[in-house]
Amino acid sequence: MSTETNSPYLEDTQLRADIDRSLRHPVMFFFTSGAAWLAVSLVLGILFSAKVHSPGFLDGCSFLNTGVLYQAHLSTMIYGWGAQAAFGVIIWLMSRLSRQECKASGLILTAGHVWNACIAIGTIRILMGEGSGVAWMYFPKFIWPVLLAIYFFIGIWAVIAFRVRRGGHIYISQWYLMATLFWFPWVFISGHLFAIGYLGEGHEMMATAASAWYRSALMFLFFTPVAIASAYYIAPKVTGRPVYSYNLALFGFWALAIVGPWTGFQRLMGAPIPSFMQFLSAGAAILMLIPAIAVAINILKTASAKKDAMAHSPSLRFTVAGVVGLLVFAALGALMSVPGVMKYTQFSTAQYGLEITGLLGFFSMCMYGAIYFIVPRITNREWISVGLIRQHFWLTVYGVLFIAIFYTLGGGFLHGEILENVNESQDSAYTRLFPYAVSLTTGFIFILIATFFFCCHLLLMWLRLGRRSSHPTLLVRHAHGSPHGPEGDLDKLENLDSNLSTH
Amino acid sequence: MSVQPIDPKKPDLEESTNVAQQHAAVSRSASAASREQQLRENGLEPVSVWLFIAGSIIAIIAGSVLFKSNNLFGYDEFVKSGYIQAEGEGGPPPVPQGPVEQVYMAKGKELYSGSCAGCHGADGNGASCPPLAGSSWVVDSPYVPAFILKNGLGGEIIVKGKASTGTMPAVGGSYSDLETASIIYYIQNSFGNEVGKLYTLEQIAAINEASEGRSVVGACTAAELEPLKKKQVTGDFFAAGTVINKKTGEIIEAE
């Protein structure tokens, strides 16, 4: 009996399974440690947020003050969770789409360990009060060159996989991934060099501008393309439909590439930098709605063709929620860039709320979608519990809605209005803002519980304790019959196998 | 197992392959990959014209925001010359003020814990440096602490019968007169020291003038400071309870 088969279908399946197997360890490591960092970040975020509305909280440990907690919270969310989830998705997606096994999984895994060590050291140094204080670059100065070097060790393998790809067609997700593989080092190097590196020394306004640009560039040129690449993969893959419109996808990509790098300076409206920087950025932030709408329509149209897949597949459900998050994020960002509105939002909590909405409501949702798709493939096990996935989804959605609606919109605008009003007393400002500050804590608690479920689930999968079944874990209330038996149990298949060989 | 030659007459019936077994093997080792759908060729469905209309509206709004600026390459778009912030209801905010001894003590304590306590200890007993508590260098005259604050201290100095060497930088080199007065008052009236003199800013200014007119450059030495111990300031001290402005140190007359 031959081990080689002539069936192209089986050959293709085998290749995909081989690619998955070659990437099992690094990708699983990125996802699991990323999720753990997200949980750490949310705990720090809850402590930070609690100190905002209840200043006496944790008075005993003076080193855990608001500034330190805030820096540690955002750093772990961006570099601990965000970057690592993105790396996992980038290397897996690129290998799959280029149809190449990964030859360097050991090296990538090692790089992942060093990355985690850097995040841990950086976070501890921040908690010791040694954070740089520059937005989104809070780690002490010696960390960022190391992170950059590690990135090259990880990213280079995705570029190589693309270079030696099989088949001529370049899929939409590959555009975004290739672009961000080059955008990330550009943004990371220029942001850090100008804001906390030697190029910014003695040029305080320029350093401030570089830091404002870095925040939005990292969001629009790294997190956004990775999330969109994953959505463009998951939606057609799960529904089995072609992407709605190729031309719209092309348009959305170039719109992002052209508009994205210009945003960011609008945060400095009124600062003594040339006016065109601020107004151009404000205009660009409004224009970002165009690529967001193009991507969202394309993916929602693709996914909505199969409504039951959207309801049942965890990957698709998270991805669709993430794409809606992209729309909300872009719309809020555009709204806050209109000069009349900026009067109320520029210096208020709305800015931080917007960042959290983008990171958790859009980027993370898309990453969850990808993770729910990828992990069963690389571990060759199915997700254990429908309930855990369902809780993860709804609690995250509630948390993000809380933060987007109450904290960002309600609290942000009220805060801006209070800042504008000279006659508002401290006490009345505190009383009026109190419920909105509490809404941030509440939202974070929801998301933390969701993340805890997610972390446990992922950890069990990492320990290879997933279900062995040929049936995916779908979000359906079970019990209706299936041609493969109730659970598609693989042990039964094996019995069948042995029965057959006796004949 | 060896590959069996395929019977050319029956190309579709290669009996050597057990199809069920093959499929079962793949489903076991790659169950997720085997049920996956293929990515199709990209669709080319027509895009709604409303999308273009919405995009144009967004572009027009963005353009109008860009050209809200009157001078795209200027730095002073937002500078309002002669701008004074509107006053709140009930007139300008009250001037922060308090009795001089409280103002000096509070300000002195803040400066001490920030710049001095690291070496001299929170209780003034000198963690790694000469103590301030009960030191004649501190309590005898305001000249010695003021000179050390402004110029620093080097060489050997005998404090409470114990010699010590070390260098103290000019910690108070950039202090205002109010800050210098506050920290001197604080160290002369804490840790058991009880001098009680409330130096006026004029007196401190006179000491600083003398400090600037020193013949030597650099840190003070014990030999230079020894004669200053006996030097006292002239003029009246602040009376206790005099109300001063917390920011400038000016006397505020009771209305």
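In which handedness of crossing does H6(B) pass H7(B)? The crossing of H6(B) past H7(B) is right-handed; the near helix is then turned clockwise from the far one by less than a right angle. This is a predicted model, where local features need pLDDT of at least 70, side-chain atom pairs count only at pLDDT 80 or more, and totals for chains, interfaces and linings use all residues. Residues are numbered from 1 along each chain as its sequence is written, while chains are lettered from A and ligands numbered from 1 in the order in which they are written.

**Chain B overall**
- Chain B has nine helices and four strands. Helices (H or I, at least four residues) and strands (E, at least two) are DSSP runs, numbered from the N terminus.
- Along the sequence, the pattern is α-α-α-β-α-α-α-β-β-α-α-α-β.

**The helix pair**
- Helix H6(B) spans residues 143–151, and helix H7(B) spans residues 177–188.
- Their axes come within 10 Å and cross at roughly 125 degrees. Therefore H6(B) is oblique to H7(B). Angles under 35 degrees count as roughly parallel, over 145 as roughly antiparallel, 65 to 115 as roughly perpendicular and the rest as oblique.
- Axes are lines fitted to C-alpha atoms, for helices over the stretch in contact, and angles run from 0 to 180 degrees between N-to-C directions.

**The hairpin**
- Strands E2(B) (residues 156–159) and E3(B) (residues 162–165) run antiparallel, joined by four bridges. Strands pair if DSSP finds at least two bridges between them.
- Ile157(B) has Ser164(B) in E3(B) as its bridge partner.
- Two residues lie between the strands of this hairpin. In the turn, Lys160(B) has a positive phi of about 50 degrees.
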